Amino acid sequence: MQVRVPNFVVASSTGKIALVNAAIFEMFTKEERRGELLVHAFESHITALCAHPLASHLFVLTNGGMLRVIDYESQAWLRHKVLEKRTPTCLCINPNGQELVVGCEDGSLMVLNTADLDLIQRAHQVFAQHRTHQLFRPS
């Protein structure tokens, strides 16, 4: 039985984001097993990231409460938003690419518009403890 791993994006706690080609798992030397650095310049540790399903955009949360949108092809910083009075812990994007859900340490959720990062809806104290991950249900 052969397992096929797709290419993926990974973030480090030191603020680096890299594209990893799944073929590296077949490489033998440490030098061959490196990802392609996409972005490196964050003000604090990366808490979570997700990729837009239709565009070359990454949504990146830092533990300082900053949400940034980056075009990973051009490496341009597109938008940012400070999530005040909240400590974000996780995020995910709707498969249609229009809404972003941010989970916070206090158990609340925020739904943001991906085009301008404006708040669509906030739900307070949805969970008794902080969120570590969330998913959209496939349509």
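Analyst: Here is a walk from the overall layout into the core, and then out to the cysteines and loops.

Bear in mind that this is a predicted model: local features need pLDDT of at least 70, side-chain atom pairs count only at pLDDT 80 or more, and totals for chains, interfaces and linings use all residues. Residue numbers start from 1 along each chain as its sequence is written, and side-chain values use heavy atoms, with hydrogens and water left out.

First, the layout. The chain has zero helices and eleven strands; here helices (H or I, at least four residues) and strands (E, at least two) are DSSP runs, numbered from the N terminus. Of the 139 residues, 37% are buried, meaning under 20% relative accessible area, with exposed being over 50% and partly exposed in between (1.4 Å probe, protein chains only). Take the contacts (heavy atoms within 4.5 Å) between residues at least 6 apart in sequence: 36% of them join residues at least 24 apart.

Now for the inside. The largest nonpolar core has 15 residues, and F59, L61, L67, L83, L91, L100 and V102 have the most contacts inside it. By nonpolar core I mean a set of buried Ala, Val, Leu, Ile, Met, Phe, Trp, Tyr and Cys residues joined through side-chain atoms within 4.5 Å. Two or more residues come from each of β4, β5 (57–62), β6, β8 (88–93), β9 (99–104) and β10 (109–113), and β9 gives the most, with three. Apart from this core lies another, of five residues, among them I46, L58, V60 and I70. As background, nonpolar side chains tend to be buried together in soluble globular proteins.

Leaving out residues up to four places away in sequence, L67 touches F59, V60, L61, R79, H80, K81, L83, L91, L100, L112 and L117.

Even so, β8 is largely enclosed by the rest of the structure, because six of its six residues are buried. β8 and β9 run antiparallel and are joined by five bridges. P88 has C104 as its bridge partner in β9, while L91 is bridged to V102, and L91 and V102 are both on the list of core residues with the most contacts. Five residues sit between the strands of this hairpin, where G97 takes a positive phi near 80°.

The whole structure has zero disulfides, a disulfide being a pair of cysteine sulfur atoms within 2.5 Å. For C50, the nearest cysteine sulfur is that of C92, 6.9 Å away, and C50 counts as buried at 11% relative accessibility. The sulfur of C90 also has C92 as its closest cysteine, at 7.5 Å, which is too far for a bond; C90 is buried too, with a relative accessible area of 3%.

Finally, two loop residues are worth a look. Most residues other than glycine have a negative phi. Q75, in the loop between β6 and β7, has a positive phi near 60° and is partly exposed at 44% relative accessibility. L117, in the loop between β10 and β11, has a positive phi of about 65°.

Terms used
Two strands pair if DSSP finds at least two bridges between them.
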